[in-house]
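My entries follow in the order in which I looked.

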Amino acid sequence: MALQGLVDWRGGPVNQKKHGGVKASMFIHFLIVMANIANIPMILNLVSYLHGTMHMGVKDASTTSTNFFGAICFFSFLGAFVSDSYLKRFYTMLIFAPIEIMGYTLLAFQAHFPSLHPPPCDMINHPSECTPVSGRNLSLLTLGLYLIPIGEGSLRSCAAALGGDQFDGDDPAELHGKISFFNWFAFCISLGGFVGLVFLVWVQDNEGWGLSFALSALLVLVGTVVVGAGLPFYRHQKPMGSPLTRIFQVFVAAFRKRKLSLPENQMEMHEVTADSTGTSVKSMERTSDFKFLDKAAVEDGDTRGWSLCTVTQVEEAKIILRMAPIFLSSVLGNVSIPLLLSLTVQQGGTMDTRLGGTSIPPASLFIVPIVFQIIILVIYDRAIMPWLRRATGNAGGVTHLQRVGVGFASSVLALAVAAVVERRRRGMGAAEMSVFWLTPQFFLLGVMDVTSFVGLLEFFYSEASAGMKSIGGAIVFCVLGAASWLGSLLIQVVNHATARRGGGHGHGWLDGANLNASRLDLFYWLLAVFALVSFFLYLLCAWRYTYRHDPRLQAGTDDGNVAPAATKKATV
């Protein structure tokens, strides 16, 4: 049963009528909306605060902002590890959320009291007269900035896994709800980002950063209180110990027994079906790949943990090896996305932004792809997915990897369209070209996010074992973090290479004082080629991947003994 290993808040058996389902997931969705109202404007507008208020140089401000996003991705893995190993996901969230609130509170105090930040000055016209933040104030800023990722990262990974736990993938009545949960999870991220970019950015510009940070702390607090109120309704996954330790034990034991022969009878392999209290535990069937790891479960008289592992432990290690190519190819496939988003907004800032009698601020252009994401998610979940489900027989309409592939294909098209639009902008003159020429690439960015992000979230959650569900969700954010870092590195490499060759008229393609002095169109074409190569590499990895469960037959997403058809070659 998929509910095996799940308990209610008192530790008793789960009652499907009282615990879990849409009712429980609504508390989690509310938290995600509140957290992202605070977090997304922080990520996208942090450079403005560091440069304008803290008087950091552009390079230092950009580096700090990039490190802030990377820290969120890193700490999502830390929180996931803690929840899978030692604490229930719910209690991990309650422990780490106050840390995020504390970070916002420190930043609010620093922004409010003049003695805690540099005095105001004109950073645009007289930057030499400005004193950058330093000493104790810099330490306070750094502490506040890194307390936020500790809490936010844990909330991201644990909320996704806790939400997935509320639905039984083996129950047809709950299966569709489980698939829709991740669509609405992404919807709530986009909704929170939309509200934050409209409301909090206005507060930052008109009322000050101190009030903005204070409101962010309040929003996370309200979200935490609401998700805490849902405690009696949740299904809780019991921690199963450190998954990293279990996996390392498999590799060590397999190496020690590398000279042994595998038994012909699978029943001779070591497995545990009940814990020390006599309660049955989940087990996973042996698969035929990575046979060298199977030797870790061969009994030779040595029963120490680093010499003898269960078949389930071995299968957990195999899952990691199977998913590694998907992880790496997904990182490459996502490299161009943050670059395209930020550069498209810069494009828009140089174009005619008039809408009737109103001029759209460049920072508000971030709202456009988010609006597309919200609209596409609703249409996909309510109309497209049910139609695909009937047409293909897959519970999710398409497989997880197919959905991700659609996103990566959309990114190639978006980059090609962006290159064509940028070439036209350079030819016409920025002031003569309407910002609405950017609509096609914003739309394709929305498609990319709806398909690839949600597909990866579903994939890593569903393919991870019961003891690694939070880590499965955290891997997605690690993909985004690694892709963002590689994107920054790519810009530096391209600028250095084009400057040396003189292809950028004496400077790199993106080294110009403004976009008109740069060759953004050529950089877009380079990204399009890079994305196309990454797409074909992803297709190869996805085609070779074997699902743990057949998405066409049952789309099960939890551990348990499944039918022989439970593994299926990915179709892409």
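Predicted model: local features only at pLDDT ≥ 70, side-chain atom pairs only at ≥ 80, totals over all residues.

Before reading any burial value I noted the rule: buried means under 20% relative accessible area, exposed over 50%, and partly exposed in between, with a 1.4 Å probe and protein chains only. Residues are numbered from 1 along each chain as its sequence is written, and side-chain values use heavy atoms, with hydrogens and water left out.

Entry on confidence. I read a mean pLDDT of 84 for the chain, with 89% of its residues at 70 or more. Over residues 553-566 the pLDDT falls below 50, although this stretch has 41 contacts (heavy atoms within 4.5 Å) in the model beyond near neighbours in sequence.

Entry on salt bridges. I used the rule that a side-chain nitrogen of Lys or Arg lies within 4 Å of a carboxyl oxygen of Asp or Glu, and the count came to 16. I looked up Arg 423 and Asp 521, whose side chains meet in a salt bridge at 3.7 Å, N to O. This pair links distant parts of the chain, with Arg 423 in helix H12 (residues 400-428) and Asp 521 in helix H15, 98 residues apart. Asp 521 counts as buried because its relative accessibility is 1%, whereas Arg 423 counts as exposed at 54%.

I then turned to Asp 294, which forms a salt bridge with Arg 286, the closest N and O atoms being 3.2 Å apart. Asp 294 is buried at 2% relative accessibility, while Arg 286 is partly exposed at 23%.

Entry on helix H15. Helices are DSSP runs (H or I, at least four residues) and strands likewise (E, at least two), numbered from the N terminus. H15 covers residues 520-544 and reaches 36 Å from its first C-alpha to its last. Its buried residues include Asp 521, Phe 523, Tyr 524 and Leu 527.

I found a nonpolar patch of about 400 Å² made by Phe 30, Leu 218, Leu 221, Val 222 and Val 225; patches are made of residues with over 30% relative accessible area and no salt bridge, like charges being joined within 9 Å and nonpolar side chains (Val, Leu, Ile, Met, Phe, Trp, Tyr) within 5 Å. Areas come from the Shrake-Rupley method with a 1.4 Å probe, and for residues only the protein chains shown count as cover. Helix H6 (residues 209-229) gives the most to this patch, with four residues.

Definitions and conventions
pLDDT = per-residue confidence, 0-100. Expected span 1.5 Å × (residues − 1).
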